[in-house]
Amino acid sequence: MEFTDFMQENFPDLELTPPLFYNWDVGIRFELGVDYKRGECSPNSAYLKGVYHRAITLFNSLHLQEDEIFLVVNVHDFGKNTSLRRKLNIFSKYTKNQSALNKLKHLTLPYIIPEDDEDGNYRTHRFVLKCKVSDLRYMPLLKAICNTDMGYKPAIHHDVFFISLKNKTIFHVYDDRGCDLVAASKEDIRHIYNTHNDWILDYDRDEIDQVFR
């Protein structure tokens, strides 16, 4: 199945941009970073190790190695003529099976946050790779996403989405603070809700509980 067909069938009218949790009826928002203390965080700190552990554990709870997924990356173009080739390092660096890159597709879209683009000069480049989980170096990829706002390298400053064809889910780590999981049906992620209930962000817990209870 093609990416656009999959999205239209399972997530009609959902704009693939943060915050997914607030833009879809069935979802969970998890807290990744716990007990952050300014000035006490380093690449090897307990805080970041905890962030990585939660992000990777949630990913592994959702996906099997042989599952097919869409890896989707939104690259925003603000007219600065930055090389897209350099931005595409995310795929070459975090893909184990380089032959899978032959399936990489590129779409150029109007800027997906139109209210921030009054003159209509911005664009969003969307890259879609259909592959198996086993094709990806997903653990270092997730760590790099978690590093986004921490000032540590490697870091990825684009929106990255893992979309499972089998589970009909979208998994998005937005930074070290947390991640969103949305699904076409609540039954597709009920096991995640039950297993990792303690990691749900308390701020949104009441709304999430209403969906699953």
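**Exercise 1. Determine how many bridges join strand β1 to β7, and in which direction the two strands run.**

Solution. Five bridges join β1 (residues 27-31) to β7, and the two strands run antiparallel. Helices (H or I, at least four residues) and strands (E, at least two) are DSSP runs, numbered from the N terminus. Two strands pair if DSSP finds at least two bridges between them. Next, consider the individual positions: E31 stands opposite G178 in β7, and R29 stands opposite D180 in β7.

The structure is a predicted model, in which local features need pLDDT of at least 70 and side-chain atom pairs count only at pLDDT 80 or more, while totals for chains, interfaces and linings use all residues. Residues are numbered from 1 along each chain as its sequence is written, and side-chain values use heavy atoms, with hydrogens and water left out.

**Exercise 2. Describe how β6 is connected to β7.**

Solution. Begin with the pairing: six bridges join β6 to β7, and these strands run antiparallel.

**Exercise 3. State whether the residues of β7 are buried or exposed.**

Solution. Buried means under 20% relative accessible area, exposed over 50%, and partly exposed in between (1.4 Å probe, protein chains only). Strand β7 (residues 178-183) is mostly covered, since six of its six residues are buried. Now separate the faces: G178, D180 and V182 lie on one side, C179, L181 and A183 on the other, and all are buried. For the chain as a whole, 48% of the 213 residues count as buried.

**Exercise 4. Give the order of the strands in the sheet and identify its edges.**

Solution. Seven strands form an open sheet in the order β1-β7-β6-β5-β2-β4-β3, with antiparallel pairing. The edges are β1 and β3 (105-110); each has a single partner strand, so one side of each is left without a neighbour in the sheet. Neighbouring strands are turned by 20 degrees against each other on average, direction ignored. Here axes are lines fitted to C-alpha atoms, for helices over the stretch in contact, and angles run from 0 to 180 degrees between N-to-C directions.

Two helices may then be placed on this sheet. Helix α1 (residues 3-10) lies across β2, β4 (123-132), β5 and β6, running at about 75 degrees to β5. Helix α2 packs on the sheet and touches β1, β5, β6 and β7, and its direction makes about 175 degrees with that of β6.

**Exercise 5. Describe the packing of α2 against α5.**

Solution. First, the geometry: α2 and α5 pack at an angle of about 130 degrees, with their axes 10 Å apart. They are therefore oblique to each other; angles under 35 degrees count as roughly parallel, over 145 as roughly antiparallel, 65 to 115 as roughly perpendicular and the rest as oblique.

Second, the residues: V51, Y52, A55, I56, F59 and N60 in α2 meet Y138, M139, L142, K143 and C146 in α5, where contact means heavy atoms within 4.5 Å. By class, this contact of α2 with α5 has nine nonpolar, one polar and one charged residues. Ala, Val, Leu, Ile, Met, Phe, Trp, Tyr, Cys and Pro count as nonpolar, Asp, Glu, Lys and Arg as charged, and the others, Gly among them, as polar.

Third, the burial: in α5 (residues 138-146), the buried residues are Y138, L141, L142, A144, I145 and C146. What covers them includes α2 (46-62), β2 (68-77), α4 (89-94), β5 (159-164) and β6 (169-175).
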